[in-house]
Amino acid sequence: GDRLHPHYGVFAPIRGDYVGLVAETPLPVPVPQRAFDVGTGTGVLAAVLARRGIAEVVATDLDPRALACARENIVRLGVQDQVTIEAADLFPTGRAGLIVCNPPWLPARPSSALEHAIYDPENRMLRGFLSGLGAHLEAGGTGWLILSDLAEHLGLRSREALLDWIAAAGLVVVGRLDARPTHPRARDTADLLHTVRTREITSLWQLQA
């Protein structure tokens, strides 16, 4: 019910499907005391985790605009005692019982700063998250990868490739929750990608080492 403000050049979290998945997926038991939000952007997922009762959330990003935006939003939402914002390429130091990442969904080259939240050249962030996840999870910890299958429908990435990367990183899928997109573009019949968007599913993959 609170407002969150994206800064110029920081992607606005207008897609409620992926935020809803993080808000509604049951937390691991026992509830982790520490969580990482990798690639936090506006800080929305870090704030959701804090509101859900995670005592310490470390949120990372490389973009100075995103870091400033996240810090402002974390204070606005009143969770600054739980959330720390750090500049890092993917993971902060140490380990956590829950690590969340919502990487850009399309493996293509961005043409502007804003598009870095949409396009991930050669799946760099996705593969970096998967390959480093095991080394940053506490024993028995869980990673949440939030990813749309839009790239699969467009022929830019296959499900087999994603599963191969998960296995190659020494990870196993212990659960998956799916959500249909609810944003206005999914219902826009004039959108050139409308047919593809009608089949799109956003998934929260639960991963363990």
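Reader: Is Glu 122 buried or exposed?
Author: Happy to start there: Glu 122 has a relative accessible area of 67%. The model is predicted, and in it this residue is found in the loop between strand 4 and helix 4. The cut-off for the open class is over 50%, so with 67% Glu 122 is exposed.

Reader: Thanks! What is the phi of Glu 122?
Author: Glu 122 is a residue other than glycine, yet its phi is positive. The value is near 55°.

Reader: Where does Leu 90 lie, the residue in a loop?
Author: Leu 90 also has a positive phi, of about 75°, although it is not a glycine. Its relative accessible area is 14%, so Leu 90 is buried. As for its place, the loop that holds Leu 90 runs between strand 3 and strand 4.

Reader: Let's turn to the helices. Are helix 1 and helix 2 roughly parallel or roughly antiparallel to each other?
Author: Helix 1 covers residues 16-24 and helix 2 covers residues 44-51, and their axes lie 9 Å apart. They pack at an angle of about 25°. Angles under 35 degrees fall in the parallel class, so helix 1 and helix 2 are roughly parallel.

Reader: Nice. Which residues of helix 2 make the contact with helix 1?
Author: Helix 1 passes helix 2 in a right-handed crossing. From helix 1, the contact takes in Tyr 18, Val 19, Val 22 and Ala 23. By class, the contact has eight nonpolar residues, with no polar and no charged ones. The helix 2 side is made by Val 44, Leu 45, Val 48 and Leu 49.

Reader: How many residues of helix 2 are buried?
Author: The buried residues are Val 44, Leu 45, Ala 46, Ala 47, Val 48, Leu 49 and Ala 50. They pack against several elements, including helix 1, strand 1, strand 2 and helix 3. Helix 2 is thus mostly covered, and of its eight residues the number buried is seven.

Reader: At roughly what angle do the axes of helix 4 and helix 6 cross?
Author: Helix 4 (residues 124-136) and helix 6 (residues 159-168) have axes that come within 8 Å. Leu 126, Arg 127 and Leu 130 in helix 4 meet Leu 162, Trp 165 and Ile 166 in helix 6. By class, that contact has five nonpolar, no polar and one charged residues. The axes cross at roughly 35°.

Reader: Which residue's side chain makes a polar contact with the side chain of Glu 200?
Author: Glu 200 is found in the loop between helix 7 and strand 7. Its relative accessibility is 0%, so Glu 200 counts as buried. At 2.6 Å, the side-chain partner of Glu 200 is Ser 148.

Reader: Last one: what separates the C-alpha atoms of Gly 20 and His 136?
Author: Gly 20 sits in helix 1, and at 15% relative accessibility it counts as buried. Along the chain, Gly 20 and His 136 are 116 residues apart. Their C-alpha atoms are separated by 25 Å.

Definitions and conventions
Residues numbered from 1 in each chain as written. Predicted model: local features only at pLDDT ≥ 70, side-chain atom pairs only at ≥ 80, totals over all residues. Heavy atoms only, no water. Axes fitted to C-alpha atoms, helices over the stretch in contact; angles between N-to-C directions. Helix = DSSP H or I, 4+ residues; strand = E, 2+ residues; numbered from the N terminus. Parallel < 35°, antiparallel > 145°, perpendicular 65-115°, else oblique. Left-handed = near helix turned anticlockwise from the far one by under 90°. Contact = heavy atoms within 4.5 Å. Nonpolar A, V, L, I, M, F, W, Y, C, P; charged D, E, K, R; others polar. Buried < 20%, exposed > 50% of the residue type's maximum accessible area, 1.4 Å probe, protein only. Polar contact = N/O pair within 3.5 Å; in protein donor to acceptor, adjacent residues only side chain to side chain.
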